[in-house]
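Subject: Structure for you to look at

Hello,

Here is the structure I said I would pass on. Please open it and keep it beside this message while you read the notes below.

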Amino acid sequence: MKLDLTDMLYALSFALDKVEEELLGLDTGHGKRVAYLSLIMGEEAGYREEELRDFIGCCLLHDNALTEYIHEELSHSSMSELLSVVPSDIAKMKRSKLDHDHSVIGEQNIRLMPFRTDVKNIILFHHENANGSGPLGMTDSETTLKSQILRLADSVDTSRRLTTLTNAEFEELRGWVEKEAGILFSKEAVELFLKAVDYDKLVCLHNKDALSCLREKLHEEILDYSDEEVRNIAGLFAKIVDYKSEFTQNHSRGVAEKAEKMAHYYGFDDEKVLRYYFAGAMHDIGKLAVVNDILEKPGKLTENEFSKMKNHAAATHYILNQIKEIPDIVNWASNHHEKLNGAGYPQGLTAEELSLEERLMACIDIYQALTEKRPYKDGMSHEQSISIMMDMARKGELDESIVEDINNEFNPLS
């Protein structure tokens, strides 16, 4: 499957930025700003373009494990809420555990990405201090230069509002970075920052979004990725989405698996089966832009809350539509809440406007949601689920023939 991996990560980092905004209170665009700063320093370090491309990919994904960590450790409380209600010493301990665990998990996750150069330990060490006082206790002599660059860029963006930084504030920032040489930041990383990052380069972040600044520096590169590599990419982001809420812990992966099975059932060719699996894995990527207070509300959503929940389908379209080479996948993934009678969302499409693949994804999504166990309910049986879906088909919402096909393919008694 042909993809521009960096272009894809630009698009998907929008979803990760929304998670960081909700859980850590960071300004939207954090990952891309960190990547931009790291790119400038990486150029100064003399990395060739292939290395830079993979390095920037890691920077965009440096907080990829946040949803998994928050899900496992903090349940329904956001990190900002937690740290606001505990004594400062406990808060520091909690933050240290966050830095430790999401770095370790993030490093494991990044191994799923089909990078072509060595990216080992960039994410693992991105919270390590030069003097060894970081969460893993590693000094700058024990970490990699790329992880040190990422450490510095991450700290700069979280400690300063770069999009409005004045010249005077930039000079103060340079002084702070230089002062922390050998303490928070390695001397080599500090030297790269002081040489490469001038105020004019940061002004780019004032006048444009960070994505535009990145695109000006890295050229397009479309490569052919193997089926396994594409599955790994899809699997990583499905995992990130599913861990956003304990209510949907295996939903995206379940939809992807069933999408693949039904794609074989309908006789799609091998390339289309892979693309349909990818669409299933990515169909809820927009949910990363929906706050957990809505995703995990046990009762009925208010009209305003439901309106915000519905935005996830439009967000999925927005995110995936930024990726070249996948216009078919965009529609298959983002139209899974459309109904044949025009009563669905986000576009209110009708039967004449919905392809077989879009109708099928809608049915798979509902079947997966009905049959999967969630904290507030047990999964329904196949028979109960099909009965509900047949009722929806009779109301003109779902394609009855597809519901019958799902019944034939997934019936445990057949």
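Leu 66 belongs to helix 4, which covers residues 66-73. As in the rest of what follows, the model here is predicted. Is Leu 66 buried or exposed? Leu 66 has a relative accessible area of 1%, and because buried means under 20%, Leu 66 counts as buried. Setting aside the neighbours within four places in sequence, Leu 66 is in contact with Val 19, Glu 20, Leu 23, Leu 24, Leu 98 and His 102. Ser 103 is 37 residues away from Leu 66 in sequence, and the two C-alpha atoms are 9.1 Å apart in space.

Next, a pair of helices. Two packed helices are described by the distance between their axes and by the angle between those axes. For helix 3 (residues 49-60) and helix 7 (residues 145-159), the axes come within 11 Å and cross at roughly 45 degrees. That angle makes helix 3 oblique to helix 7. The crossing of these two helices is right-handed. Which residues meet there? From helix 3 they are Glu 51, Phe 55 and Cys 59, and from helix 7 they are Lys 146, Ile 149 and Leu 150.

Then the aromatic rings. Rings pair if their centres lie within 6.5 Å, and by this rule the count comes to ten aromatic pairs. One of the pairs is Phe 14 with Tyr 318: the ring centres are 5.2 Å apart and the planes are at 65 degrees, so the pair is edge-to-face. Phe 14 sits in helix 1 (residues 5-24) and Tyr 318 in helix 16 (residues 303-320), so the pair ties together parts that are 304 residues apart in sequence. Phe 14 is partly exposed, at 21% relative accessibility. Tyr 318 is also partly exposed, at 45%.

Tyr 265 and Tyr 266 form another edge-to-face aromatic pair, with 5.3 Å from centre to centre and 85 degrees between the planes. Tyr 265 is partly exposed at 35% relative accessibility, and Tyr 266 is partly exposed at 24%. Both belong to one aromatic cluster, together with Phe 268, Tyr 276 and Trp 332.

What lies over the face of Tyr 277? That is Arg 231, at 4.6 Å from the ring centre.

Regards

Methods
Residues numbered from 1 in each chain as written. Predicted model: local features only at pLDDT ≥ 70, side-chain atom pairs only at ≥ 80, totals over all residues. Heavy atoms only, no water. Phe/Tyr/Trp six-rings, centres within 6.5 Å; stacked < 30°, edge-to-face > 60°. Helix = DSSP H or I, 4+ residues; strand = E, 2+ residues; numbered from the N terminus. Buried < 20%, exposed > 50% of the residue type's maximum accessible area, 1.4 Å probe, protein only. Lys NZ or Arg CZ within 6 Å of the ring centre and 35° of its normal. Contact = heavy atoms within 4.5 Å. Axes fitted to C-alpha atoms, helices over the stretch in contact; angles between N-to-C directions. Parallel < 35°, antiparallel > 145°, perpendicular 65-115°, else oblique. Left-handed = near helix turned anticlockwise from the far one by under 90°.
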